[in-house]
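Colleague: Please take me through one part of this model in detail, strand by strand.

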2 protein chains.
Amino acid sequence: MSTPSIDEVAAAAGVHRSTVSRAFSRPEAVKRETREHIRQVAASMGYRMSPLAQALRTKVSTLVPLVVPDITNPYFAELAKAMTAAAGERGYQLVLCVTENDADATARYLDAMQAMYAPFAVIAPYARVFPAEFESRGFGKRLVVIDRVESGDQISTVTVDSATGIALALDHLFELGHTSIAYVSGIAGTHTAADRCQAYRTLAEERGMTPIELDSSGIGVGAGERAAEELVSLRERPTAVVAGNDLVAFGLISSLGSRGMSVPGDVSVVGFDGLALGARSNPPLTSVQQPIAEMGRIAIRLAEQVANGGPVEHVVLQPQLLVRSSTRPVR
Amino acid sequence: MSTPSIDEVAAAAGVHRSTVSRAFSRPEAVKRETREHIRQVAASMGYRMSPLAQALRTKVSTLVPLVVPDITNPYFAELAKAMTAAAGERGYQLVLCVTENDADATARYLDAMQAMYAPFAVIAPYARVFPAEFESRGFGKRLVVIDRVESGDQISTVTVDSATGIALALDHLFELGHTSIAYVSGIAGTHTAADRCQAYRTLAEERGMTPIELDSSGIGVGAGERAAEELVSLRERPTAVVAGNDLVAFGLISSLGSRGMSVPGDVSVVGFDGLALGARSNPPLTSVQQPIAEMGRIAIRLAEQVANGGPVEHVVLQPQLLVRSSTRPVR
DNA sequence: AACTTTTCTGCAACCGATCTCAGCAACCGA
DNA sequence: TCGGTTGCTGAGATCGGTTGCAGAAAAGTT
């Protein structure tokens, strides 16, 4: 038995379908007794409104696309989880769009969601975002990017403060006595990744260290491999490494292990992201934690804001240090 | 500029909208010149059909829900990735429904997708599936479960052969000289989890070993914690452990590390799933690999089959052993 | 009591497609 | 030349809702 249509409910309740419609979508516009009667009849018939028909007529749906490059990456998975909750709280339904980092796929998803009358979109990029590209694709400014964009770009963003995050990591290592601290960037070409790397350079020099940037090329399994190789071969081996994100940290620790170096025994590592997965890695990963849940909530708020004609905003959140077991005092 | 409607295209091409409709959805029913002309005009206007209107009228959409309990779990993430590709190949669009393991959420998602006229659904459960529950929720038999169900249940399923998988793991460890091999189950209450555990018991006894089942209670971070504790305290300590899934293996290795035991130095561990993430764990995890991509493709095929009135089928795939570095000959 | 205002409900057009049916033209064989 | 096919297109109802408008009923004013 499929759900009855609005006309069937109307007939059963002895009213016109427009009244049934109002009983649900604009309750205050219909007399209380009528409304309650209709609701009751509807409930007893197992009626629920067709979101399709609704969206078709009103040109607005509750679908909110979250565009991510790779759901297999735990960072995006956690983001998806957080955003699902955040969207749900505000009455939206998140639709995950996994692009595999393909621009065409992104465009297709955006077109499709546009056709479904999604009120706005949220994008968590892997590479640098060129807003103009998206504006032409229909959403205009009605989207939020979880990354920084070129200053002056008219698109709302949410990010975590890279400088603070790197400073947190560095200070933690300093306190443990480390003075030679290398950096492995993520391979991602986002502004955020570049910012973290830049922050490392600046802060390292400010603290009188010479920055040591490890080779972070290589994708997937290979990530961290080259960095480990380089680290091992270094004459004056750093005693600690800051990774641009947790996944790189995992790869680095793994590769280091294969080369007989233990973390934190031989070298301390701190990641960036603060993934839950880091709690069950070996060793549990000390990391700069991004407030992912909050980012999700803010992304939805900003999106609603621009969708309602409000101002574009750039929100920068403060990260916290999550100390677990991959760091240790230098001996 | 939003995309034009079918009527605008019809007007521009000088034909009736029904002809435009046919030019796209039933091309052979319209004269070639007319069709080409329409297509050209449509393309020049940037026209694309509204999937909403289409679905509303035909009562069929290309949306395929994949219901998973937790996208943060890399197994489900990889499944989602594989299914997205598999669905795309067949012209469907996967919609990820993350339930956080909540029955209500599952029901809501299924209802919503039903309302969107999804042709069928795919479910990857965390707990045991009771088909009756779903049948009543509209999809009838038009769904596929990525797990075993009670024999006799009229729902198509795809699974990997648990017995073969466990045998693969055990044989690998035997060859390395291990004779005392424990087992840590996943906490999941699926049939598959139970099957793996049962397979372990049976096969261990067949090979003349007494099964040692470690406590696998505890969720999230805690998973593996208890097992590690128990393992360490065991009088006759096993030299190897088979884990019911990779995530548990990660947790176990992590907890073992915190207790000063190294893998594979002190104990060998083999996981079950063969996640890509295992390649960058410390140490890289030896695991029984599920052919996830193939499972995705088969799930779609089975779903299409029952949706077209075809027979319910139970497909069992063979896993392979993926040898990485978490196992080593016993000393 | 008469008039104005407010509240509530019905009517019917509309969103953007699909699809059955009917009509028209061209074609066919006898 | 005519009845019968066949191929192609248009008309219009339909999917399941929303909403501006109009009119009836109820409430408020003087």
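Modeller: S6(A), helix H9 (residues 191-206) of chain A and S7(A) form a β-α-β unit that is right-handed; that is, with the strands pointing away from the viewer, the path from the first strand over the helix to the second runs clockwise. Helices (H or I, at least four residues) and strands (E, at least two) are DSSP runs, numbered from the N terminus. This is a predicted model: local features need pLDDT of at least 70, side-chain atom pairs count only at pLDDT 80 or more, and totals for chains, interfaces and linings use all residues. Residues are numbered from 1 along each chain as its sequence is written, chains are lettered from A and ligands numbered from 1 in the order in which they are written, and side-chain values use heavy atoms, with hydrogens and water left out.

Start with the strand S6 (residues 181-184) of chain A. Ile181(A) and Tyr183(A) point one way, Ala182(A) and Val184(A) the other. All are buried, meaning under 20% relative accessible area (1.4 Å probe, protein chains only).

Now the pairing, which takes at least two DSSP bridges between two strands. S6(A) runs parallel to strand S7 (residues 212-214) of chain A, with 3 bridges joining them. Here Tyr183(A) has Glu213(A) as its bridge partner. S6(A) also runs parallel to strand S8 (residues 240-243) of chain A, through 4 bridges. In S8(A), Ala240(A) is the bridge partner of Ile181(A).

Note on methods. Buried < 20%, exposed > 50% of the residue type's maximum accessible area, 1.4 Å probe, protein only.
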